[in-house]
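Biologist: Please take me through this model term by term, and set each value against the definition behind the word.

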Amino acid sequence: AVFVVLILNSIDDIKTRTLCPAWYYVLFFIGLIRIYLSSYTLIFGTISAIAIFAMMASPIIITNKEDSIGGGDIKLMTCLAFCCGFECAAYTVLLGSVIALVYKVICKKSNNPIAFVPFLSIGYILYLGGNFNWH
């Protein structure tokens, strides 16, 4: 379900450079179901969401540049952190950012904005397929 939400958001981001807010609620609802069905706690989900929000919003706050990352990307990753946990969201952001950087360098799009959600989706897929349990 999370993958489908990311793919649909990727399509929206590529076409319109905006994200539909309804998908944030879907991820939040999936997170609530996860909390209900597992040992994943509401406190852990909330702390994860706050940590990812702070991590992604800090470049905008520090540099005062609004073109660095979109607010929709930040909201989407905050909901992903609530839904899937900090580790998943952090690796998704890390992997997606590296792939986006490589894309911008190879395609020489340094000054042009890009849709970031498709790269986050790729990062999420890589996280799911990879073994990132290094401790």
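**Terms and values**

Modeller: Of the contacts in the protein with a separation of 6 or more, 70% are accounted for by residues 24 or more positions apart, where contact means heavy atoms within 4.5 Å. The model is predicted, and local features need pLDDT of at least 70 while side-chain atom pairs count only at pLDDT 80 or more, although totals for chains, interfaces and linings use all residues. Residues are numbered from 1 along each chain as its sequence is written, and side-chain values use heavy atoms, with hydrogens and water left out.

Biologist: What is the angle at which helix H1 and helix H2 pack, and what does that make H1 relative to H2?

Modeller: Helix H1 (residues 2-16) and helix H2 (residues 22-37) pack at about 165 degrees with their axes 10 Å apart. That makes H1 roughly antiparallel to H2, since the classes are roughly parallel under 35 degrees, roughly antiparallel over 145, roughly perpendicular from 65 to 115, and oblique for the rest. In this contact Val-2, Val-5, Leu-8, Asn-9 and Asp-12 of H1 meet Trp-23, Val-26, Leu-27 and Ile-30 of H2. By class the residues divide into seven nonpolar, one polar and one charged.

Biologist: What does the crossing angle make H5 relative to H6?

Modeller: The axes of helix H5 (residues 86-106) and helix H6 (residues 117-129) come within 7 Å and cross at roughly 125 degrees. That makes H5 oblique to H6. Among the residues that meet are Tyr-91, Leu-95, Ile-99 and Tyr-103 in H5 and Phe-119, Ile-122, Tyr-124 and Leu-126 in H6. The contact of H5 with H6 has 13 nonpolar, three polar and one charged residues.

Biologist: Why is H4 called largely enclosed by the rest of the structure?

Modeller: Twelve of the 14 residues of H4 are buried, so H4 is largely enclosed, with buried meaning under 20% relative accessible area, exposed over 50% and partly exposed in between, for a 1.4 Å probe and protein chains only. The buried residues include Gly-72, Leu-76, Thr-78, Phe-82 and Cys-84, whereas over the 135 residues of the protein buried residues make up 39%.

Biologist: What is the reach of helix H4 from its first C-alpha to its last, against the span expected?

Modeller: Helix H4 (residues 71-84) reaches 20 Å, close to the 20 Å expected at 1.5 Å a residue, the expected span being 1.5 Å times one less than the number of residues. Just after H4, Gly-85 takes a positive phi of about 105 degrees.

Biologist: What makes Ala-54 partly exposed?

Modeller: Its relative accessible area is 45%, so Ala-54 counts as partly exposed. Ala-54 is found in helix H3 (residues 42-63), and its C-alpha is 9.1 Å from that of Thr-78, which is 24 residues away in sequence.

Definitions and conventions
Axes fitted to C-alpha atoms, helices over the stretch in contact; angles between N-to-C directions. Helix = DSSP H or I, 4+ residues; strand = E, 2+ residues; numbered from the N terminus. Nonpolar A, V, L, I, M, F, W, Y, C, P; charged D, E, K, R; others polar.
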